[in-house]
Amino acid sequence: MPEGDTVYALARRLDAALVDRVLTHGELRVPSHATADLVGRTVQAHVTHGKHLLTRLSGDLTLHTHLKMSGSWTISLAGRRLPSAVMPDVRVVLRTDGPAAYGIRLPVVELLRTRDETCVVGHLGPDPLRADWDPAEATRRLTADPGRPLVAALLDQRCVAGFGNLWANELCFLRGHNPWTPIGAVDVPALLEVGSRALRHSATFPGAMQVTTGRRGKGGQHWVAGRAGRPCLRCGTEVQVVAEVPNDPERRRTWWCPNCQPGPAR
């Protein structure tokens with residue numbers, strides 16, 4: 001699932017392939033930027049804030065992209081190109097005299113001045129994967145509405161940027177909270193300590209991406225997420241699931257163990 005950790009890891013791969021290289025071909029296959037010519041610009045950095053990716057180019061230019069649920073990036077080695085069957089789904093082409101990167105089915109592709117990046121990410125809350133991570137500010141934002149359900153607060157990117165549906169559900173389990181526990185009844189600093197540490201480990205430790213149980217084998221990587229109807233890995237109780245938002249195009253779900261996470265009904 002594309003969450004803050006997956007986008008951060010993607011940024012590091014793109015950095016390794018493209019940073020300090022000059023674009024020999026730069027194409028944005030979206031109507032609003034179809035005529036933009038990025039040739040000759042140098043790739044300076046890939047910066048993330050939550051699930052947003054900011055590709056900074058020379059000349060005060062930033063490419064802002066977001067994976068949402070359908071997007072992906074692929075990197076090809078020098079002299080290699082994507083299969084022709086894939087190219088109709090490509091929205092971003094960044095080629096150099098070495099590696100190239102292709103953004104596929106990206107729902108968000110925007111070009112803006114680097115000095116204006118706050119226009120697209122300024123609304124986001126603190127991000128545990130950024131150097132400016134501020135747990136006190138994240139706590140303040142999360143607890144602004146004490147009656148709000150915990151899972152809803154964690155998913156609100158204006159409170160904390162980077163926790164998606166998988167991490168919201170897994171953190172509720174790890175702290176022993178029913179997902180609908182009012183945020184005011186939760187030790188939020190302790191929750192954020194666990195969450196920030198887990199997100200950083202997932203993003204930076206080889207083989208740990210979104211493995212919340214410490215078990216890398218198929219079917220045992222998560223405590224509750226995706227385990228509806230199966231026994232809880234801790235107590236054996238059947239894991240429950242409910243659609244959090246009816247008709248949600250992203251098919252967001254909330255999973256929990258009724259025994260390990262007692263609390264209010266939805």
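Me: What makes Arg130 count as partly exposed?

Reply: In this predicted model, Arg130 has a relative accessibility of 25%, and since buried means under 20% and exposed means over 50%, with partly exposed in between, the value for Arg130 falls in the class called partly exposed.

Me: How do you know that Asp132 forms a salt bridge with Arg130?

Reply: The closest N and O atoms of Asp132 and Arg130 are 3.1 Å apart, and because a salt bridge needs a side-chain nitrogen of Lys or Arg within 4 Å of a carboxyl oxygen of Asp or Glu, the pair qualifies. Asp132 has a relative accessible area of 48%, which is under the limit of 50% for exposed, so Asp132 is partly exposed.

Me: Why is Asp156 called buried?

Reply: The relative accessibility of Asp156 is 9%, and because buried means under 20%, the word applies to Asp156. The side chain of Asp156 also meets that of Arg158 in a salt bridge, with 2.9 Å from N to O.

Me: What makes the contact between Asp89 and Arg105 a salt bridge, and which parts does the pair tie together?

Reply: The N to O distance between the side chains of Asp89 and Arg105 is 3.2 Å, and because the cut-off is within 4 Å, the contact is counted as a salt bridge. Asp89 lies in the loop between β5 (72–76) and β6 (90–95), while Arg105 lies in the loop between β7 (100–104) and β8 (108–113), so the pair ties together parts that are 16 residues apart in sequence. Asp89, at 22% relative accessible area, is partly exposed, and Arg105, at 47%, is likewise partly exposed.

Me: How many salt bridges does a search of the whole structure find, and which residues are linked in a network?

Reply: The search finds 12 salt bridges, and a network of salt bridges links Glu137, Arg140 and Arg141.

Me: How do you know that β4 and β8 pair?

Reply: Strand β4 (residues 61–66) and β8 are joined over 6 bridges in the antiparallel sense, and because at least two bridges are required, they count as paired. Within this pairing, Leu61 stands opposite Arg113 in β8.

Me: Why are β2 and β8 said to stand at the edges?

Reply: The open sheet has 4 strands in the order β2-β3-β4-β8, with antiparallel pairing. β2 (43–49) and β8 each have a single partner strand, so one side of each is left without a neighbour in the sheet. From one strand to the next, the twist averages 20°.

Conventions. Residues are numbered from 1 along each chain as its sequence is written. This is a predicted model: local features need pLDDT of at least 70, side-chain atom pairs count only at pLDDT 80 or more; totals for chains, interfaces and linings use all residues. Side-chain values use heavy atoms; hydrogens and water are left out. Helices (H or I, at least four residues) and strands (E, at least two) are DSSP runs, numbered from the N terminus. Buried means under 20% relative accessible area, exposed over 50%, partly exposed in between (1.4 Å probe, protein chains only). Axes are lines fitted to C-alpha atoms, for helices over the stretch in contact, and angles run from 0 to 180 degrees between N-to-C directions.
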